[in-house]
Each structure stands twice: as C-alpha cells, then as structure tokens.
Amino acid sequence: DATLHLADGLASETIGVTEFVEPNLRMVRDARGRPISGYGDVKPKAELNRALGSFEKALASNPRLSEARLRAGRVLWRLGRGREAQESLRQAAIESEGALLYLAHLFLGQCLEDDGDLARAIDHYAAAIALRPDTQIGAVARAHALSLRGGSERGREVVEGGVGHSGRRPT
C-alpha cells in the first residue's frame, strides 16, 4: 500500500536526519522476552537511502502521491544528489497544492541556491511566501539568497515583512 510505504519512508527519513530512535525500539524482544532485533547504531546515510527506497515504492504503487515525490526530492537533496532532487521537487510542485506546494517551492529554492542559481531560488522562495506569508522560513531563505546577490537591504525588508506576521498565524 502506497501510504504504508510513505509512512515507512517518513520514519526512516526522520531517523536519518535526527539520528534518534526511541529507546523502546532499540531492542525488540520475542514473546519470551529474548532480544531478537532492533536498532543498533544509527547510520544516517543508510536510513536516508532506506527512506528513498520507501518513497520510490510508494510512487510505484501510486504515482499521484505527491507527498512521496516531495519527500523523495528532499531525501535526494540530503544525499547530495541535487540535480535529481530538483527534478523530483519540480514535479512535486506541479502535482501539489496547499502545504505540500509551499514545501516544494521552499525545498526547490534550497536546491537551486545550493546550485548557484540564485535568481530562480529567489523566485521559488517568493512563491512559497505567497502561499504562506505567515511563515518566517520562506522570508529568511529569500532574504539570505537576496543578500548573496548583494541585495542585503531588500533582504532586510523581506525579513521584516515575515516577522510582521508573527503572532498572527493560525495554529
């Protein structure tokens, strides 16, 4: 089932990024209380590759599952596979709406910024801000990219606009 693969991928992505596993998952025991398996030392890259595999299985099962495509793009970026990440995130941006579309623009902006394409990164950050003007992450990302292009004054204005929404965001 696609949603189970998505859930498995989300768990592996979280473990790969945070390197944290709940203590009760570190050792799994059988019905007699004998240790049978569990997580040992976390290997972040292995967990991220596992997450990517789960997202790919989810997409094979349901190609329209845009969250799996978005997450696959983010994991590809974390694995240093920026070009592949951009392709996945561009497709996610086409297929998504709401919060997923916001994240697709934000993550794609990061990939483009890392690739040195500041103009397009700024455009994607602006698209994220347009979707969610009440969040500060897009404003800070756009301000950073603007400052890298020498537009620190404009960056300051963007951050001030983002901070201006502070306290007014619905929860």
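I began with helix H4 (residues 66–78) and H6, which pack at an angle of about 20° with their axes 10 Å apart; axes here are lines fitted to C-alpha atoms, for helices over the stretch in contact, and angles run from 0 to 180 degrees between N-to-C directions. That angle makes H4 roughly parallel to H6, the cut-offs being under 35 degrees for roughly parallel, over 145 for roughly antiparallel, 65 to 115 for roughly perpendicular, and oblique for the rest.

I noted that this is a predicted model, in which local features need pLDDT of at least 70 and side-chain atom pairs count only at pLDDT 80 or more, while totals for chains, interfaces and linings use all residues. Residues are numbered from 1 along each chain as its sequence is written, and side-chain values use heavy atoms, with hydrogens and water left out.

I recorded the crossing of H4 and H6 as left-handed, that is, with the near helix turned anticlockwise from the far one by less than a right angle. On the H4 side the contact (heavy atoms within 4.5 Å) includes Leu-70, Arg-74 and Trp-77, and on the H6 side Leu-103, Phe-107 and Cys-111 are among the residues. I sorted the contact of H4 with H6 into seven nonpolar, two polar and four charged residues.

I then looked at rings within and beside this contact. The charged end of Arg-74 sits over the ring of Phe-107, 4.1 Å from its centre, where the rule asks for NZ of Lys or CZ of Arg within 6 Å of the ring centre and within 35 degrees of the ring normal. Arg-132 lies over the face of Tyr-102, at 6.0 Å from the ring centre.

I turned next to H6 (residues 98–114) and H7 (residues 118–131), which pack at about 160° with axes 8 Å apart, and are therefore roughly antiparallel. H6 passes H7 in a left-handed crossing. Tyr-102, His-105 and Leu-112 are among the H6 residues that meet H7, whose own side includes His-124, Tyr-125 and Leu-131.

H1 passes H3 in a left-handed crossing. From H1, Leu-6, Leu-10 and Ile-15 are among the contact residues, and from H3 the list includes Leu-48, Ala-51 and Phe-55. By class I have ten nonpolar, six polar and five charged residues for the contact of H1 with H3.

Technical notes:
Helix = DSSP H or I, 4+ residues; strand = E, 2+ residues; numbered from the N terminus. Nonpolar A, V, L, I, M, F, W, Y, C, P; charged D, E, K, R; others polar.
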